[in-house]
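Try each task before reading its solution.

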Amino acid sequence: MAAQIPDTTRAVFHNPQEDSLTLITRPPPTPNLAADEHLLRVHTTAPCAGELTWWTFGIPKPPTDHIPGQDVAGTIVLAPPTSPFQPGAAVYARIPWTRQGAAQEYTIVLGSEIAPTPKTLDFAHAATVPMSALTAWQMVFDKAGFAGPEDGAISGRSLVVTAASGSVGMWCVQLARVAGFERIVGTYGGDAEAGELLRELGATELVDYKKSSLAEWASQDPGRRKVDLVADCFGKGALADAWSVVKDGGRVVSVCEPPETRRPADCQAKNVTYEWFIMDAARGKDLARVTELLESGKCRAILDSVYKFDDFKQAFERVEGRHARGKVVIQVLQ
Ligand SMILES: NC(=O)c1ccc[n+]([C@@H]2O[C@H](COP(=O)([O-])OP(=O)(O)OC[C@H]3O[C@@H](n4cnc5c(N)ncnc54)[C@H](OP(=O)(O)O)[C@@H]3O)[C@@H](O)[C@H]2O)c1
């Protein structure tokens, strides 16, 4: 097997201090098989909005060189002998942002992070899934206090998803529909196709953030429009606005900012709990459940566009424009 691995491989290096992205050649990474590390031939990766700036949070200290790309789909090349994922297996995973990512020809993933790629998806579509679906899974279930999509306590509940037309937002909507939330309210920028897509995915109500704030929308019928859960996928003004639609005793979860920092001083909601979080590391088991939802047709992978490896900078630019409709994928293996 080792003979098939080249001596030098291509990788995108990100220097957080200079905020530069550079294509370089380097030896492939060497997995520590005893530590559950698998070597993966990367077929596709997908940048995450904002990932190049996450180092500015300050913890952990940024490296001088980092390989981005937390989503990966590819083929196992080297594996621990007892691993269920042996050479040749097609798998996908989300690699934590603090490790070297998948904008390179070979990368390392842990067995606990991996799931088989859905039989219904090619590698481009597979790379759209792990980061967004797993983040949404945590927002809508774990961080909202639900055991998973089958939790009976979800029946009759309502939620607002900010930036519902984004990649994480669309997964929040899909998972909420699968789990049986009664009302699924999504904010989006008013694009007609995006609205249609969100309705297909499960949104029951849409609010065009360019025309109306959630505060204005809720004030038209506060008895009915307030929700149990806010799943914030944008932060800033969208998060501040979302505080106006949460019921007393409700919950605000954000993947962008600590919700309390955006709570308006005049917010009337009582006993609201809140949390900001960054995705946990090993989520292969949840990803396997997402695979089932995709293979059964209950959820969809949403692909915005595919860029060649050489065009990686354009892929990052498209993501950072913050209006991609689904994930932007980099085809690493041509
Ligand atoms: N904490 C974590 O572990 C974690 C994990 C994953 C992602 N994230 C973060 O979650 C956020 C969303 O990620 P993503 O992949 O879903 O990003 P994305 O796909 O790029 O989302 C873009 C969305 O933002 C919406 N948007 C743009 N401007 C807006 C505004 N002024 N107000 C409200 N919405 C606006 C867009 O709506 P329209 O196009 O309809 O206008 C679009 O739907 C990012 O900040 C990312 O860093 C955090």
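Predicted model: local features only at pLDDT ≥ 70, side-chain atom pairs only at ≥ 80, totals over all residues.

Residues are numbered from 1 along each chain as its sequence is written, and side-chain values use heavy atoms, with hydrogens and water left out.

**Exercise 1. Domains**

Solution: 
- Step 1. Nine residues of domain 1 touch twelve residues of domain 2. Contact here means heavy atoms within 4.5 Å.
- Step 2. About 890 Å² is buried between the two domains, with 64% of it on carbon and sulfur atoms. Val 129, Ile 302 and Arg 325 lose the most area on the domain 1 side, together 53% of what that side buries. Buried area is the accessible area (1.4 Å probe) that two parts lose on being put together, summed over both.

**Exercise 2. The second largest pocket**

Task: Describe the lining of the second largest pocket.

Solution: 
- Step 1. The volume of the second largest pocket is about 210 Å³. A pocket is an open set of points on a 1 Å grid over the protein atoms alone, where a 1.4 Å probe fits, with protein on both sides within 12 Å along at least five of seven lines; lining residues have an atom within 4 Å of a point. Volume is the space filled by probe spheres set on the points, which are joined across faces, edges and corners.
- Step 2. There are 14 lining residues, and the closest to the pocket centre are Ala 215, Lys 226, Trp 243, Ser 244 and Gln 268.
- Step 3. Helix H5 (214–219) and helix H7 (236–242) each give two or more residues. H5 gives the largest share, three residues. Helices are DSSP runs (H or I, at least four residues) and strands are too (E, at least two), numbered from the N terminus.

- Step 4. The lining has eight nonpolar, three polar and three charged residues. Ala, Val, Leu, Ile, Met, Phe, Trp, Tyr, Cys and Pro count as nonpolar, Asp, Glu, Lys and Arg as charged, and the others, Gly among them, as polar.

**Exercise 3. Positive phi**

Task: Locate Asp 19 and state its phi.

Solution: 
- Step 1. Asp 19 is not a glycine, yet its phi is positive, about 55 degrees.
- Step 2. Asp 19 sits in the loop between strand S1 (9–15) and strand S2 (20–26).
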